[in-house]
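This briefing goes through a few parts of the structure, grouped by topic. Please keep the sequence and the 3D view open beside the text while reading.

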Amino acid sequence: MDFGRRVLVLRHRRISVRLERRSVVVCAVLALAAAGMAVLALMTGSYQLSPGQVVSALTGGETGLVHDIVVEWRLPRVAAALVFGAALGVSGAVFQSMLRNPLADPGIIGFSQGSYTGALIVILVVNGTYMQLVGGALLGGMATAVAVYVLAHRGGVQGFRLIVVGIGLSAMLDSLNTWLILQADLEVAMAAAAWGAGSLNGVSWDQVVLGGACITVLLLLAGMLSRPMRQLELGDDAAASQGVRASPVRLGLIVVGVALTATVTAASGPIAFISLLAPQIARRLTRTAGITLAPAAFVGALLCLAADYIAQHIAPTPLPVGIITIMLGGGYLGWLLFTEARK
Amino acid sequence: MTTLSLRHDGPGTATVPGPRRRVTGLVLALVALLAVLVLSVMIGSTTIAPSVVWDALFHPSADIDQFAIRDYRLPRTIVGLVVGAALGVAGALIQALTRNPLADPGILGLHAGASFAVTVAVGLLGVRDIAGYMWFAFAGALIVTLMVLALGATRQGQSPTVMVLAGVCVGAVLRGAGSALELTNPDAFDAMRSWNAGSIVGRPLDLVWPILPFLAVALILAVAVAGPLNAMAMGDDLAVAQGVRLARTRVLAIIALTLLVGGATAIAGPIGFAGLMVPHVARWIVGPHQRWIFAYSVVLAPILLLASDILGRIIMHPSEIPVGIVTAFVGAPVLIALVRRKKASGL
């Protein structure tokens with residue numbers, strides 16, 4: 001069928017992939033922008049480097065101080081911003097598509113707060129490793145997702161009811177998190193509080209590699225679910241008539257979406273609003289009717305990296321990246337509500 | 001519509017109690033408030049007998065328990081009483097003004113606006129006196145009120161859920177901006193930290209006196225607009241037909257709301273959810289009668305706040321849970337229950 005959009009079809013034996021040309025171009029441009037932003041972030045700091053030095057350090061041409069600064073100090077943070085940003089973008093895209101609402105952000109409906117609660121409990125009770133944190137964050141996020149869904153269910157789940165239930169639960173979880181931090185020893189509490197604003201300050205190579213591996217698997221799963229996800233947007237009945245079984249797909253989407261948020265939260269704390277912004281910006285850039293995953297991932301990565309760059313350099317002391325994203329997201333949300341209201 | 005039905009079969013008319021029952025209920029509520037006030041002075045890290053409380057008030061001596069009462073428990077209780085009453089009336093006012101049953105000064109971001117303004121005043125401009133920074137709290141609450149009302153307005157009138165989302169969004173942004181300020185000026189904001197958690201502990205009565213006249217003015221304004229708000233509950237057109245001046249009523253109600261929320265936040269910091277459920281309880285008791293709802297809210301909200309505070313003192317004894325955390329745990333389930341009702345948008 002031709003909907004007037006140029007489509008590229010790649011075929012290899014039994015596998016074929018349909019790509020919309022505009023989406024491919026947008027993704028390529030975003031990837032270039034992200035690469036440029038990454039070089040800029042690797043250059044800037046108390047020890048300034050030239051773009052040439054950065055590129056040669058990345059390709060193994062430098063040794064000594066320049067190599068250490070680029071590869072050991074600055075690269076983990078840049079890589080984390082890119083990978084985590086992509087994960088948050090896709091997570092937001094999954095929830096916005098599934099709940100058919102542009103405001104269905106894991107941070108607004110409580111999933112991020114639930115992940116944070118799970119991770120906090122792991123820190124305070126067993127002082128756990130990164131993978132234990134991921135487990136705690138995953139359990140907390142899933143439990144919150146189940147609670148929101150059950151509480152919002154009343155002869156079907158209505159989008160706005162789900163969001164208000166989520167706002168209520170996230171207020172309770174916020175309070176619980178505040179109280180948990182108050183209970184901890186001062187040193188742990190201070191680390192937990194800084195982390196709670198969403199910060200890439202303490203990210204290490206271990207977390208980037210482990211988190212990156214988890215996120216890669218999850219992104220592949222999300223990619224496999226993206227076609228049935230788009231069909232579910234038409235409604236359960238229409239999707240069923242096209243051979244999509246709604247319940248297993250939806251369960252898979254919830255697990256993937258929460259797991260993506262939880263993996264990021266366990267490493268950097270809840271970075272607000274990227275999952276809200278990225279899918280919407282991607283949709284406007286690609287001019288697609290619905291939510292698409294790949295452009296959302298690229299926008300998320302670019303946003304997170306840019307926000308972290310601003311957070312590090314806007315004030316005399318580096319700020320948590322979450323503070324910058326919350327302001328970007330809030331401004332966007334206000335604009336969205338304002339324009340929607342005027343329609 | 002061919003016939004004009006004058007019968008109103010809503011739950012309101014069937015259960016509206018007579019004036020006598022309203023007065024009896026109010027007296028009972030006052031007795032309960034008195035009991036909670038006494039308990040709040042008695043209960044704490046050590047429980048103090050009522051007789052000692054009596055002596056501390058009327059026969060002062062240098063006794064250590066009397067010292068605890070006069071310097072800690074009594075100010076805490078009075079702050080809870082004043083802040084609770086202000087937040088209760090503010091909740092009733094904002095629910096009537098927006099015709100939104102989910103409205104609450106905390107959920108709609110008014111606390112966040114007042115808090116951010118106080119953070120700017122104390123942290124950046126070095127205003128240390130409450131008589132100075134209360135003006136910032138009023139301004140912050142006013143600006144957010146106007147923003148949320150504008151954002152929540154659609155062509156079809158006010159949309160309760162859009163307004164809630166607008167408030168949550170404005171609140172999130174202001175809290176983010178507030179923490180950015182705090183993280184960049186750690187020294188100046190050391191004093192703000194306990195204030196930002198929303199608590200009635202360690203607030204000397206000197207903080208209450210400058211605010212009290214403003215709260216009194218706000219209460220008078222609230223009572224003055226109660227009648228017009230009753231009429232506006234039926235819709236703007238009917239209210240105009242009854243001679244209500246819409247713009248004047250809205251402006252007065254917004255001024256009262258600003259003074260109540262700004263004043264309460266200036267004293268105690270942001271305490272969420274206290275204004276959400278009390279007006280609903282009042283409405284169940286007295287029916288849709290705004291003046292009585294205000295009267296009940298003045299009495300019931302301090303009961304809720306002080307009871308939450310007492311609960312926070314004993315539940316994790318010997319450590320204490322700040323009252324804002326307890327009210328969130330009491331209030332959020334109420335929000336969820338309200339949105340689960342069939343007619344979530346009805347007031």
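Predicted model: local features only at pLDDT ≥ 70, side-chain atom pairs only at ≥ 80, totals over all residues.

In chain A, Phe273(A) sits in the loop that runs between helix H10 (246-268) and H11 of that chain.

**Loop residues with positive phi**

- The phi angle of Phe273(A) is near 75 degrees, which is a positive value in a residue other than glycine.
- As background to such values, most residues other than glycine have a negative phi.
- Phe273(A) counts as buried because 32 other C-beta atoms lie within 10 Å, where the cut-off for a buried residue is 20 or more.
- In chain B, Phe273(B) lies in the loop between helix H11 (246-268) and helix H12 (274-286), and its phi is near 70 degrees, again a positive value in a residue other than glycine.
- Phe273(B) is likewise buried, because 30 other C-beta atoms are found within 10 Å.

**Helix H1 of chain A**

- Helix H1 of chain A covers residues 21-43, which makes 23 residues, and its span from the first C-alpha to the last is 33 Å, close to the 33 Å expected at 1.5 Å a residue.

- Helix H5 of chain B, residues 110-124, has 15 residues and reaches 21 Å from its first C-alpha to its last, close to the 21 Å expected at 1.5 Å a residue.
- H5(B) is mostly covered, with 13 of its 15 residues buried, and just after H5(B) the residue Gly126(B) takes a positive phi of about 70 degrees.
- Val240(B) has its place in helix H10 of chain B, residues 236-241, and it counts as partly exposed because it has 13 C-beta neighbours inside 10 Å.
- Computed along the sequence, Val240(B) and Pro228(B) are twelve residues apart, while in space their C-alpha atoms are 9.5 Å apart.

**Packing of H13 and H14 in chain B**

- Helix H13 of chain B, residues 290-314, packs with H14(B) at an angle of about 110 degrees, the two axes being 8 Å apart.
- H13(B) and H14(B) are therefore roughly perpendicular to each other, and their crossing is right-handed.
- H13(B) brings Leu305(B), Ser308(B), Asp309(B), Leu311(B) and Gly312(B) to this contact, and H14(B) brings Val323(B), Val326(B), Thr327(B) and Val330(B).
- Sorted by class, the contact of H13(B) with H14(B) has five nonpolar, three polar and one charged residues.

**Contact between the chains**

- The contact takes 31 residues from chain B and 32 residues from chain A.
- On the side of chain B that touches chain A, the elements giving two or more residues are strand E1 (153-154), helix H7 (160-184) and helix H14 (323-340) of chain B.
- H7(B) supplies the largest share of that side, 16 residues.
- The residues on the side of chain B that touches chain A divide into 24 nonpolar, six polar and one charged.

Key. Residues numbered from 1 in each chain as written. Chains lettered and ligands numbered in written order. Helix = DSSP H or I, 4+ residues; strand = E, 2+ residues; numbered from the N terminus. Expected span 1.5 Å × (residues − 1). Contact = placed C-beta atoms within 7 Å. Nonpolar A, V, L, I, M, F, W, Y, C, P; charged D, E, K, R; others polar. Buried ≥ 20, exposed ≤ 12 C-beta atoms within 10 Å, placed from the backbone. Axes fitted to C-alpha atoms, helices over the stretch in contact; angles between N-to-C directions. Parallel < 35°, antiparallel > 145°, perpendicular 65-115°, else oblique. Left-handed = near helix turned anticlockwise from the far one by under 90°.
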